[in-house]
Amino acid sequence: MGSDLHIGYGDSEAKLRNAYAAMKRIGGVDAFITAGDLTENGRADQLATYQSIVAENSEKLTVEVDSFNGKGAGAGAAVGTTISMLGNHECYNPNIENDFREQVGQETEMVYWLAGKVPLIKASLAIDGKSSSFVSKHDFIEKAVKEVAATGYKGHIFLVSHIALENTVFGDYQEGDRYSPETRKILEKYPQLVHITGHSHATPMNPG
């Protein structure tokens, strides 16, 4: 997983290509997750550049089609198994959800079963009025968690979004909670949920 690529700023394109090269060196992965701020400004051309790099490197991320979609083993390989979502920099574009679907070819939220075994819930940051938050994504998150739990699955459930819940991780910016109180209750109800985010640009050992 990576985040905050900011395509359109500095040497971000080279960094993304280097990430794919690193995955190739270790022998490939089931999926590559990019947790928001794919672009610097959310422009359609920046999204297109991002997706062109994904397409160039998709053969390095191959999995069985049915297995990746949680339907059991199946023949054939799916390329482009890079899971992408929206961050706050994408929200500078008021037409971002349409541009994201058109340029990247994914929905803004979705449930994946990695290697047919491990559930991952993707929740993009959304524009609510003049601010960006996850408040409007609560219903999706709650439904997704309940659907995974209803399958009888007993392991970890990974929830990936862009900004962390306030006061829950080291290195998080203190900029106000972007989640609804109801979403916090869902996370408390299901302790097997592992919430992974980006946004802070901090290393795991950042003391801030």
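Biologist: Are Y20 and F32 buried or exposed?
Modeller: Both Y20 and F32 are buried. Buried stands for under 20% relative accessible area, exposed for over 50%, and partly exposed for values in between, with a 1.4 Å probe and protein chains only. This is a predicted model, in which local features need pLDDT of at least 70 and side-chain atom pairs count only at pLDDT 80 or more, while totals for chains, interfaces and linings use all residues. Residues are numbered from 1 along each chain as its sequence is written, and side-chain values use heavy atoms, leaving out hydrogens and water.

Biologist: How many aromatic pairs are there?
Modeller: The count is 2 aromatic pairs. Rings of Phe, Tyr and Trp (its six-membered ring) pair if their centres lie within 6.5 Å; planes under 30 degrees apart are stacked, over 60 edge-to-face, and the rest tilted.

Biologist: Why is the pair of Y20 and F32 edge-to-face?
Modeller: Its ring planes stand at 80°, with the centres 5.3 Å apart, so the pair is classed as edge-to-face. Y20 belongs to helix α1 (residues 12-25) and F32 to strand β1 (residues 32-34), 12 residues apart. Helices (H or I, at least four residues) and strands (E, at least two) are DSSP runs numbered from the N terminus.

Biologist: And how far apart are the ring centres of W113 and Y153?
Modeller: The centres are 5.6 Å apart and the planes lie at 90°, so that pair is edge-to-face. W113 sits in strand β5 (residues 109-114) and Y153 in the loop between α5 (138-150) and β9 (157-160), so the pair ties together parts 40 residues apart in sequence. W113 and Y153 are both buried.

Biologist: Turning to the largest nonpolar core, which residues touch the most other members?
Modeller: Of its 20 residues, these are I121, V145, I157, L159 and L193. A nonpolar core is a set of buried Ala, Val, Leu, Ile, Met, Phe, Trp, Tyr and Cys residues joined through side-chain atoms within 4.5 Å.

Biologist: Which element supplies the largest share?
Modeller: Helix α5 does, with 4 residues. A second, separate core of 15 residues includes I7, V54, L86 and V104.

Biologist: Where is H162 found?
Modeller: H162 is in the loop between β9 and α6. H162 is buried, at a relative accessible area of 0%.

Biologist: What does its side chain make polar contacts with?
Modeller: The H162 side chain meets that of N88 at 2.9 Å and that of H199 at 3.2 Å. A polar contact is a pair of N or O atoms within 3.5 Å; within protein, one must be able to donate a hydrogen and the other to accept it, and residues adjacent in sequence count only if both atoms are side-chain atoms.
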